[in-house]
Amino acid sequence: GLYAVSGEYKSKALEKGVKLNDFIHIIPRPFMQETKMVNGKKWNKFLLNLLRIETVSSALDKIGNIMKNDIQNTIYNNDFARNPKHIAKIKNGDNKPLIDTGKMVNSVEYKVII
């Protein structure tokens, strides 16, 4: 989809010799949907088994941690579409979508709210 480019990102791009418009196209990389498709049944089965032996809070905490790890593994192990050359240039030549800076993969978290 098309996304607005912040002034800060435009400035960073200019420093690298790349002039950006007000909007850029970002390639979809549906890592959460993909992770759910691959692991959803496992998560359901595991949670049902946990609820037989754990408190609800403990079971949800354990399944949350498993889901987090599965999402991070999807990010690390998939060959997502590469960034266009001008975006890779802005990112210092890195072209490993979702892991090039570590910000995305390290932002995956969960929180149990009961």
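This is a short talk on helix α2 and two of its residues, T35 and L51.

What we have is a predicted model, so local features need pLDDT of at least 70 and side-chain atom pairs count only at pLDDT 80 or more, while totals for chains, interfaces and linings use all residues. Residues are numbered from 1 along each chain as its sequence is written, and side-chain values use heavy atoms, with hydrogens and water left out.

Start with the helix. α2 covers residues 31-53; helices here are DSSP runs of H or I, at least four residues, numbered from the N terminus. Its 23 residues should span 33 Å at 1.5 Å a residue, and the end C-alpha atoms are 31 Å apart, which agrees. The expected span is 1.5 Å times one less than the number of residues. There is a bend of about 60° at N39, taken as the angle between axes fitted to the seven residues ending there and the seven starting there.

Now the inside. Buried means under 20% relative accessible area, exposed over 50%, and partly exposed in between, with a 1.4 Å probe and protein chains only. The buried residues of α2 are F31, T35, N39, G40, W43 and L50. They pack against α3 (56-77) and α5 (103-106).

Which residues does T35 touch, leaving aside its neighbours within four places in sequence? They are G40, W43, D70, I71 and T74, where contact means heavy atoms within 4.5 Å. T35 has a relative accessible area of 0%, so T35 counts as buried.

L51, also in α2, is partly exposed at 38%.
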